[in-house]
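This report describes the confidence, strand pairing and backbone geometry of one protein model. Please consult the sequence and structure shown here while reading.

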Amino acid sequence: PTIKQSSGINAEYGETFQHYFKQINLSMVWLVLLQVLWNVASSQHSEFLLNIEHKIGSGEWSKRATVILPTIKQSSLPSHNKPQYIPVSSNERVDELKSAAIQNDTLYGINAEYGYIRTNHKVLEEGEISESEGYVSIVVRPCSIVEADLVHTLTIHMDNSGYVTGLSLQTKTEECVGKTTSASSFSTDAQVSYPVIGASPDVNTFIQMKEAEDRKKTDESKDKRSFFAKYWMYIVPAVLFFMMSMGGS
């Protein structure tokens, strides 16, 4: 009787252990699924923060703005393809730019970090070191911006991996004529440009053309002799036999 009671207790503990083990496994599965869903949501909604700096002539670089760039996945959606441009109003240096435009003897430079930073909306402060690999820059004449009333478009060129590859700046000024402006701050339209994948080569058409050329060459290389030249060994004996038969008659 003692042995039977011990076996019953062991069986009961075994069933309880299996029950808790199943619950632990289900909990682990749910945790893994939640982690996967969180990673997917983070990749869909995370964004790139890019610092834009500028300088006039040989002066020092200063932070001009922070641009929040859409991710590659977001860029496929029209509503998410527009970057958010956050200017640093205290560092616009518009008066210096106007003076440089009047003198017209120096250049205005803009640069951006080469590479990208995943920061989860953390805006880098002035002088803070980022994980960037370098900078891409562009220089323009100050008068081209001033004479456009400080209105311009700043395009950030990126590759398919999310790296900044270049900058471009466009204004409506075609030629500097010495015009001044009463505008007191920049009006910047920030855009992002991604490479456009070109059309793939039409391999099937090329193969068909090659096959047609090969067939044409084969047809041209065929025997072009006349009918008599090809079958004279059969025609001559037949003619001789016919003449001998006529002579005998």
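**Strand pairing**

Two strands are said to pair if DSSP finds at least two bridges between them. Strands (E, at least two residues) and helices (H or I, at least four) are DSSP runs, numbered from the N terminus. The model is predicted: local features need pLDDT of at least 70, side-chain atom pairs count only at pLDDT 80 or more, and totals for chains, interfaces and linings use all residues. Residues are numbered from 1 along each chain as its sequence is written, and side-chain values use heavy atoms, with hydrogens and water left out.

Strand β1 (residues 48–56) pairs with β2 (residues 62–69) in the antiparallel sense over 7 bridges. Asparagine 51 has threonine 66 in β2 as its bridge partner. The hairpin has 5 residues between the strands, and glycine 57 takes a positive phi near 65° there. Of the 9 residues of β1, 8 are buried (under 20% relative accessible area, 1.4 Å probe, protein chains only).

Most residues other than glycine have a negative phi. Arginine 93, in the loop between β3 (84–87) and α3 (94–103), has a positive phi near 55°. Leucine 150, in the loop between α4 (142–146) and β6 (151–158), has a positive phi of about 65°. Leucine 150 is buried, because its relative accessible area is 0%.

**Confidence**

The pLDDT, the predictor's confidence in each residue from 0 to 100, averages 76 over the protein, and 67% of the residues score at least 70. Among the elements, helix α2 (residues 72–75) has the lowest mean pLDDT (52) and α4 the highest (95).

How values were computed:
Buried means under 20% relative accessible area, exposed over 50%, partly exposed in between (1.4 Å probe, protein chains only).
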